[in-house]
Amino acid sequence: PAPSRPPAARERAATPGVASSSTPPVPAPPASEPVRKAASSPSTDNNKASADAHIPESEDLEGPALLRRVLGALRVRVLEVEVGHVQDARRGTRYLVRVAPNVKLAQLQARAADIGRAMRSMSAPLIEDIPGDDRINIEFLARGAEALPLWPTIDELPTAAPGTLPALLGVDTSGRPIVQDLAIAPHMVVAGSSGTGKSTLLYQMLVSLAARVPSSDLELLLVDPKATDFAIFRGLPHLNGRPILTDPVDVIEAVEELLNSEFPSRTRALLDTGHVSVAEMNREAGKAVVRPIVIVMEEFADIVDALESRQERPAFLRSLTRIGQRARSVAIHVVLTTQRPSKEILPPRLTANFPVRVCLQVPQLSDSIVVLGHPGAARLQGRGDLLVRRDGELLRGRALYAPRSELSAFVDRMKDSAS
């Protein structure tokens, strides 16, 4: 009889990793057949296979390879990842991702925070469809992105054509200016918590309008309950001699004057000339026959709160709603800003006529949903990081910064040129 093998030999013949010595030995593979390496994470093999096939495990993954690995770990089948165009890489990274047809956009958006953490990003990425494309746009802001200067972008903006009101909202991750023509908008809501860059956004918007639209073609009406945010623009020629309004009673009177005086006179001008809108009339004339009016209300919630116990509050909200409904044709445009974008402050009946929405960082998902219909603003970085919703599209951008001394110098130059 053949001699029995010692216990150690029996252990070596057993299947690796199995303690029982009674398990039958596993035959070694033929010499001509390579040994296959065991998958490191069986639960995600199907999703990761294509991503890991060409990436040596000894290298640290980054960029598209890391994004493939992250999405694969979330059981998302990735077909293609491409780095999108970014003019300045210091601002962030944009990926164009093609996923399997059964992957839902909402599924990815719900895991945005997890994706951002796994990609070592300072905030959750913006995840959106690309109109006219079968790929998904995933954008990350750079870690500790520095403030972007305002004046280079202002200098690049062309002079406004007659009948247009180009308001600069920032730059996207490709470095392209995000400009909204308020003549088309025609109204806008801006929301963001204190310290997130909302004032910076409003300053760049007012500077772009004043720099590119002459005061003969535009009138501004500024509302500032704090009496400090817009003080730097006091005396700007585009105010047409109006003071910056700080008292809610004065704001109510100004809104009522627009409804009871400006609306009828502008409507008569349209009837007399046969035009359907002031913008059309001004374009045909090549100049502002009737000057558009842009109302910017800072801290709208403070105005509403001040009217809390008065009869004026419902009437004031009704008047603003009427302006929102009718003002496009008569070229009266409203920008409402608030730190508290709740449904009580921004009732749906009012904001239904404010199709352009800009949101900086807000504390709660519900705040972001009120403004954008999307939870993403609760995951923004701050420091001017913003989302713009317009024409059914969501854009990520950054507000552009200028110190108050430079803004003051700009206003002084505007005053000198007007005189």
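Let's start with the largest pocket: 21 residues line it, and Arg-94, Glu-139, Glu-393, Leu-394 and Leu-395 lie nearest its centre. A pocket here is an open set of points on a 1 Å grid over the protein atoms alone, with protein on both sides within 12 Å along at least five of seven lines; lining residues have an atom within 4 Å of a point. Keep in mind that this is a predicted model, where local features need pLDDT of at least 70, side-chain atom pairs count only at pLDDT 80 or more, and totals for linings use all residues. Numbering runs from 1 along each chain, and side-chain values use heavy atoms, without hydrogens or water.

The pocket volume is about 310 Å³. Strand S14 (393–398) is among the strands that supply at least two lining residues. S14 gives the most, with four. By class, the lining has ten charged, seven nonpolar and four polar residues.

A cavity is a set of points where a 1.4 Å probe fits but cannot get out. There are two of 30 Å³ or more. The largest cavity has about 100 Å³. Its lining includes Gln-109, His-374, Arg-379 and Arg-396. Seven of its lining residues are nonpolar, three polar and two charged.

The second largest cavity has about 60 Å³. Among its lining residues are Asn-282, Arg-328 and His-333. Five are nonpolar, three polar and one charged.

Key. Points joined across faces, edges and corners; volume = space filled by probe spheres on them. Nonpolar A, V, L, I, M, F, W, Y, C, P; charged D, E, K, R; others polar.
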